[in-house]
Amino acid sequence: MFKQLAPPSRGDAITMTPRGLNVPDQPIIPYVEGDGTGPDIWRASVKVLDAAVELAYGSRRKIQWFEVFAGQKSFDKFGTWLPDDTLAAFNHYLVGIKGPLTTPVGGGIRSLNVALRQKLDLFVCLRPVRYFAGVPSPVKHPQRVDMVIFRENTEDIYAGIEFAAGSDKSQKVLDFLAREFPDEFAKIRFGDHAKSAEWLRRLEASGAPKREAAVEVGIGIKPISYLGTERLIHSAISYAVKHGRKSVTLVHKGNIMKYTEGSFRDWGYKVAKNFFGAVDYEGGPWQIIPAETIAKIRAAESGSPVQNRDSNGAESLQSRDRKGADSPVSLDQSRAGKEAGNFPPGLLIKDAIADITLQQVLTRPEDFDIIATLNLNGDYLSDALAAQVGGIGIAPGGNINGITGHAIFEATHGTAPKYANQDKVNPGSVILSGEMMLRYMGWTQAADLVIQGMDRAIAAREVTYDFERLMREDGKPVKLLKCSEFAQAVIEFMG
């Protein structure tokens with residue numbers, strides 16, 4: 001199976017069954033330690049994860065780690081940024097974890113992270129955002145932030161369909177638009193020589209030096225599909241149902257991009273109705289999945305002899321038809337009450353424009369519970385929310401395909417090469433991504449221990465430099481720890 005790597009001699013692969021993941025007691029987990037600070041934070045994180053598993057399960061369970069390669073370390077070792085063996089390992093063993101990776105400058109792969117997501121069709125980027133008491137925050141009430149972001153991972157502008165300005169491909173697209181869609185082509189400001197020449201003449205009249213007109217227009221295509229939307233929204237609503245969440249917000253810019261992001265919104269409501277029996281709320285377009293319908297879904301799932309579960313333990317798209325909440329639900333709370341963070345009984349399905357969402361997650365975070373959104377919006381939102389609860393240094397992430405079971409959990413920050421090999425940076429992002437991985441595997445007791453250790457270490461003000469420099473401003477004692485020392489503190493606080 002592998003040309004240049006050898007997996008551990010012990011352990012077994014995680015497999016996907018009709019009932020969900022089948023996780024052996026000694027699963028083989030591929031990992032990429034990452035570039036820059038990656039080795040430091042991986043060494044710290046793996047100690048925490050191993051300690052949590054041992055404390056929770058004794059010698060009965062143990063992860064067999066399998067190092068695979070990507071990024072700079074891979075290029076130095078094998079002459080390629082993303083070897084076939086790495087893809088084969090993640091594909092075969094289903095679940096893996098990685099540190100931050102260098103993105104090649106210039107030609108080649110646009111982004112290693114995006115490449116892994118697309119090649120394995122990891123269509124959900126799952127980003128839980130929660131506050132740990134004591135973490136320095138720029139907002140007054142960071143404890144009100146408790147959200148999970150479902151970011152579509154394979155479409156939107158991240159699909160990478162772009163043509164460089166002045167290239168033959170770009171010109172072919174421009175020629176096609178001019179010939180087949182002249183009204184749309186007219187909206188491209190400098191899409192032909194005549195428009196460019198006219199603008200330059202105006203500049204010359206104002207005293208600018210004379211230049212020769214040229215058509216240089218970069219072209220990008222933004223694909224948004226119904227099926228891509230369906231599986232993302234289905235996963236988000238399934239998660240909300242399973243975990244007793246109160247709302248799912250579809251975040252989009254459909255007021256401007258009506259046939260891409262606007263369609264995402266409309267299709268999202270369609271998924272809620274067709275799969276989950278949602279009904280219009282106060283005349284629509286918002287919807288509600290009544291509490292009694294949710295109870296029926298849960299009862300059916302718990303009693304079903306065979307269930308095809310998605311990335312979060314809820315049913316996947318191939319599951320039973322959920323249409324048919326037989327009657328509208330009566331709601332006592334008004335829209336005003338809901339907007340203050342008081343959600344009606346059941347699961348509210350609503351939508352919000354992306355720009356106002358970026359404002360309201362700051363001013364009214366309690367209005368948001370589960371967020372389902374497109375690729376670019378999700379990128380902005382997840383980092384903005386991470387800043388509210390301590391920064392991307394402790395922001396975890398997972399990339400998941402709930403149909404096949406494939407998942408890669410990852411640090412959400414960059415490589416920070418200036419801090420490499422200094423045993424200094426915060427390993428929290430990889431530790432918490434590992435916690436997500438353990439929970440995804442069903443090893444919830446070990447995952448809970450990781451959260452407990454992080455919670456207590458931070459509350460005790462035993463932290464790495466990024467938190468220490470901010471915590472000391474209040475004049476209270478704070479203990480500065482190295483990266484490895486913070487990991488040890490987390491382990492000690494697990495007990």
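**Figure 1. Cavities in the predicted model.** By the rule used here, the count comes to 2 cavities of 30 Å³ or more. A cavity is a set of points, on a 1 Å grid over the protein atoms alone, where a 1.4 Å probe fits but cannot get out. Grid points are joined across faces, edges and corners, and a volume is the space filled by probe spheres set on the points. This is a predicted model, in which local features need pLDDT of at least 70 and side-chain atom pairs count only at pLDDT 80 or more, while totals for chains, interfaces and linings use all residues. Residues are numbered from 1 along each chain as its sequence is written, and side-chain values use heavy atoms, with hydrogens and water left out.

**Figure 2. Lining of the second largest cavity.** The volume of this cavity is about 30 Å³. Its lining, made of residues with an atom within 4 Å of a point, consists of K98, N113, L116, R117, L122, N399, I408 and E410. Helix α4 (112-119) and strand β16 (407-411) each supply at least two of the lining residues; helices (H or I, at least four residues) and strands (E, at least two) are DSSP runs numbered from the N terminus. The largest contribution, 3 residues, comes from α4. By class, 3 residues are nonpolar (Ala, Val, Leu, Ile, Met, Phe, Trp, Tyr, Cys and Pro), 2 polar (the others, Gly among them) and 3 charged (Asp, Glu, Lys and Arg).

**Figure 3. The second largest pocket.** A pocket is an open set of points with protein on both sides within 12 Å along at least five of seven lines. This one holds about 650 Å³ of space. It is lined by 17 residues, of which G220, I221, K222, M257 and T260 are the closest to its centre. Elements α5 (168-180), α6 (182-185) and β9 (219-220) give two or more residues to the lining. The lining has 10 nonpolar, 3 polar and 4 charged residues.

Figure 4. A nonpolar core is a set of buried Ala, Val, Leu, Ile, Met, Phe, Trp, Tyr and Cys residues joined through side-chain atoms within 4.5 Å. Buried means under 20% relative accessible area (1.4 Å probe, protein chains only). In the largest core, of 105 residues, W65, F150, I237 and V248 touch the most other members. Helix α1 (residues 38-57) gives the most to this core, 10 residues. A second, separate core of 21 residues includes V68, L101, L112 and L122.

Methods:
Buried means under 20% relative accessible area, exposed over 50%, partly exposed in between (1.4 Å probe, protein chains only).
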